[in-house]
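Hello,

Here is the structure I promised to pass on to you. Have a look at it first, and then read on for what turned up.

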Amino acid sequence: MAHVAVAVAEAPDDPSIYGVVADSVCSLGATACAVYLADRERRELLRVAATGLPHSWDAATERVRFDSDFPAARAARTGILQMDERAAFPRWLGASEGAYGIRSVVGHQLVARGRLVGALAWSVPIVPAFTGGDLAAIRSIAAIFATAIDNACTRTQLQQLRDEWTSVVTHELRQPLTVIATHTDLLRRLPLEAKVLSRLEHMRTSARNLGRMIEDLSRSSTLDTAHLVLDVRTLDLGAFLRGILERGGADRDGCEVRASIPPFLPDVRGDPGRLEQILGNLLSNAAKYGSRDAAIQLEAQVSDFEVRISVRNRGPGIDPDELPRVFDRFMRGRRATVGISGLGLGLFVAKGLAEAQGGRLEVESTPGETTTFSLVLPTVAEAQELPRLVAES
């Protein structure tokens with residue numbers, strides 16, 4: 001039971017929990033196991049994972065009605081452990097009596113918080129005689145599985161609700177924001193008093209900040225739903241970085257940027273628009289959270305088939321206990337929440353964009369001195385060599 005609990009707890013993500021459950025049942029002596037979720041509206045069990053399932057049983061047991069004779073369906077219906085010997089197989093599957101060396105199939109319901117979550121079906125090469133201790137262990141293990149699966153389903157539902165909310169909010173906010181920005185720009189062209197023009201500039205800055213928040217919300221949703229589209233190409237990195245600086249690819253509030261870009265940099269593979277988003281975010285943050293009288297440093301260095309593009313600023317910095325969470329969604333440090341607008345999504349989005357292109361983001365910070373964010377990208381030579389090395393290994 002301890003082994004099963006640890007295996008479920010260490011599942012890397014929610015969908016993989018189903019496979020861990022099936023594998024765990026087989027590790028306890030089953031020859032095959034299928035995991036089902038309950039679809040109460042359709043009165044069906046839907047198979048979401050299986051280990052060792054005979055191929056010819058695959059389609060026949062993918063969807064099972066609650067009122068069928070399949071052991072998992074009977075267990076879901078009655079709440080009682082069910083077992084069929086092979087003589088009973090034809091009534092729910094049409095298989096021959098000696099099929100696959102399986103002697104019996106067992107079904108058990110999965111219930112969490114008093115609600116039917118799903119069911120398990122597993123096969124063994126014998127007719128087991130379950131003792132009271134066996135039944136107690138099966139119930140306990142099934143409870144662990146049911147809780148893990150229920151939590152996974154809840155997180156998935158919350159993710160879907162959050163994505164729908166994000167989509168609605170960003171869509172509804174864009175239209176009035178466009179109207180505000182357009183009319184503000186029109187008013188700034190009129191011969192108005194300096195005081196009025198100054199207030200219009202504040203309105204324009206606030207509208208631009210709100211626009212960035214809306215884009216961050218939209219991009220964070222795109223990363224989560226795996227709808228991110230990349231236009232990957234080979235880039236002359238030196239020319240690309242100089243172009244970003246010339247275009248002013250971030251809102252730096254007039255902060256000076258001092259660049260140290262070697263004359264010869266290796267090419268990289270990436271989406272130029274997405275890479276500019278990442279570096280724009282790092283430059284904008286450096287200006288927003290750094291000291292006004294200190295220039296931002298942008299450097300590019302090459303080592304071990306990688307290019308490291310660093311953005312460094314001087315300022316309050318990030319507290320050591322906050323560094324491990326700095327790329328988390330909606331994370332805003334204690335020093336960042338005083339008088340500075342934001343949702344805490346910019347770095348989360350930047351990290352997702354970097355990883356989607358085979359790179360990574362790193363951070364170092366000494367409170368009261370400097371903070372350095374680095375975008376690390378593989379060179380073209382390394383990117384081309386990677387598939388061969390993976391194939392050989």
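Let me start with the overall picture. The chain holds ten helices and 13 strands. Please keep in mind that this is a predicted model. Of the chain's 393 residues, 41% count as buried. Among the contacts in the chain with a separation of 6 or more, 63% are between residues 24 or more positions apart.

Six strands make up an open sheet, with antiparallel pairing and the order 3-2-1-6-5-4. Its edges are strand 3 (63-65) and strand 4 (82-85), each of which pairs on one side only. From one strand to the next, the twist averages 25°.

Strand 2 in turn runs antiparallel to strand 3, with three bridges joining them. Here you will find L46 opposite R63 of strand 3.

M83 stands opposite V106, which belongs to strand 5. Helix 3 (residues 71-78) packs on the sheet, where it touches strand 1 (32-39), strand 2 (44-51), strand 3, strand 4, strand 5 and strand 6 (115-124). The direction of helix 3 makes about 35° with that of strand 5.

Now for a pair of helices. Helix 7 (residues 237-247) packs against helix 8 (residues 272-289) at an angle of about 60°, and their axes are 11 Å apart. At that angle, helix 7 is therefore oblique to helix 8. The crossing of the two is right-handed. From helix 7, the residues making the contact are F240, L241, I244 and R247, and from helix 8 they are P272, L275, E276 and L279. By type, the residues of this contact divide into six nonpolar, two charged and no polar.

Helix 9 (residues 346-356) is worth a look too. How many of its eleven residues are buried? Eight are, and the helix is mostly covered. The buried ones are G346, L347, F348, V349, A350, G352, L353 and A354. After helix 9 comes G358, with a positive phi near 80°.

D163 lies in helix 5 (residues 132-188). Is D163 buried or exposed? D163 counts as buried because its relative accessible area is 14%, and the cut-off for buried is under 20%. D163 and S218 are 55 residues apart along the chain, and their C-alpha atoms are separated by 9.0 Å.

That is what I have for now. Enjoy exploring the structure!

Best wishes

How values were computed: Residues are numbered from 1 along each chain as its sequence is written. This is a predicted model: local features need pLDDT of at least 70, side-chain atom pairs count only at pLDDT 80 or more; totals for chains, interfaces and linings use all residues. Side-chain values use heavy atoms; hydrogens and water are left out. Two strands pair if DSSP finds at least two bridges between them. Helices (H or I, at least four residues) and strands (E, at least two) are DSSP runs, numbered from the N terminus. Axes are lines fitted to C-alpha atoms, for helices over the stretch in contact, and angles run from 0 to 180 degrees between N-to-C directions. Contact means heavy atoms within 4.5 Å. Angles under 35 degrees count as roughly parallel, over 145 as roughly antiparallel, 65 to 115 as roughly perpendicular and the rest as oblique. A crossing is left-handed if the near helix is turned anticlockwise from the far one by less than a right angle, and right-handed if clockwise. Ala, Val, Leu, Ile, Met, Phe, Trp, Tyr, Cys and Pro count as nonpolar, Asp, Glu, Lys and Arg as charged, and the others, Gly among them, as polar. Buried means under 20% relative accessible area, exposed over 50%, partly exposed in between (1.4 Å probe, protein chains only).
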